[in-house]
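Have the model open as you read.

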Amino acid sequence: MQEALLLAGQGAALGEVPVGAVLVQDGKIIGRGFNCPISTHDPSAHAEMVAIRDAARQLANYRLPGSTLYVTLEPCSMCAGLIVHSRIERVVFGATEPKAGVAQSRGEFFSQAFLNHRVLIEGGVLALECSEMLSAFFKARRANAAR
């Protein structure tokens with residue numbers, strides 16, 4: 001999660017919402033990403049998407065079994081769908097996302113009976129650090145907008 005926090009900081013430095021993600025398999029980082037939809041003009045460029053795409057390219061496989069995704073913010077519905085389709089085994093997230101998080105905040109997407117793949121979920125890892133980074137980013141953004 002520490003690496004995901006560093007990546008979130010890189011995104012924040014570019015003016016992106018500070019969310020970072022790393023994908024780990026067999027103890028090695030196989031994918032890294034941070035939010036970059038603004039700079040890439042790509043609404044799907046969430047940290048999870050970027051990290052999963054990175055891993056899939058590196059492994060030359062669209063399936064990532066046995067992997068764990070560490071992300072600083074609870075995944076949204078778009079990212080949750082990708083997590084299932086890529087067959088990620090486990091998701092560990094930091095801060096909850098009360099508006100759009102679908103692991104626990106706005107429903108429990110990953111436990112839906114219709115899904116053909118089960119994902120283990122663990123939330124709250126370094127939640128305070130993850131939450132504080134987001135809060136500081138939005139506080140600064142509001143202060144700059146008021147000027």
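Is R90 buried, partly exposed or exposed? With a relative accessibility of 26%, R90 falls in the partly exposed group, since buried would need a value under 20%. Keep in mind that this is a predicted model.

## Salt bridges

Searching the whole structure turns up 3 salt bridges. As a general point, side chains of opposite charge can pair when their charged atoms come close.

R90 has E122 as its salt-bridge partner, with 2.7 Å between the closest N and O atoms. This pair ties together distant parts of the chain: R90 sits in strand β4 (residues 90-95) and E122 in strand β5 (residues 120-122), 32 residues apart. E122 is partly exposed too, at a relative accessible area of 35%.

Next up is R32, whose side chain meets that of E3 at 3.2 Å, N to O. R32 is partly exposed at 40%, and E3 is partly exposed at 28%. Then there's R53 with D42, where the closest N and O atoms are 3.6 Å apart. R53 belongs to helix α3, while D42 is in the loop between α2 (37-40) and α3, 11 residues apart. Both ends are partly exposed: R53 has a relative accessible area of 34%, and D42 has 24%.

## The annotated site

Which residue does the UniProt annotation "active site" cover? According to that unreviewed entry, it's E48. You'll find E48 in helix α3 (residues 47-59). E48 counts as buried because its relative accessibility is 3%, and the cut-off for buried is under 20%.

Setting aside neighbours within four places in sequence, E48 is in contact with A21, L69, V71, L73, P75, C76 and C79.

## A buried serine

S67 is part of strand β3 (residues 67-73). At 0% relative accessibility, S67 is buried. Not counting residues up to four places away in sequence, S67 touches L23, V24, Q25, I88, E89 and R90. R90 is the residue that forms a salt bridge with E122.

## Along helix α5

Finally, look at N144, which is located in helix α5 (residues 127-146). N144 is partly exposed, its relative accessible area being 49%; to count as exposed, a residue needs over 50%. From the C-alpha atom of N144 to that of S131 is 20 Å, with the two residues 13 apart along the chain.

Key:
Residues are numbered from 1 along each chain as its sequence is written. This is a predicted model: local features need pLDDT of at least 70, side-chain atom pairs count only at pLDDT 80 or more; totals for chains, interfaces and linings use all residues. Side-chain values use heavy atoms; hydrogens and water are left out. Helices (H or I, at least four residues) and strands (E, at least two) are DSSP runs, numbered from the N terminus. Buried means under 20% relative accessible area, exposed over 50%, partly exposed in between (1.4 Å probe, protein chains only). UniProt positions are given in the numbering used here, feature names are shortened, and annotations may be inferred rather than shown by experiment. Contact means heavy atoms within 4.5 Å. A salt bridge is a side-chain nitrogen of Lys or Arg within 4 Å of a carboxyl oxygen of Asp or Glu.
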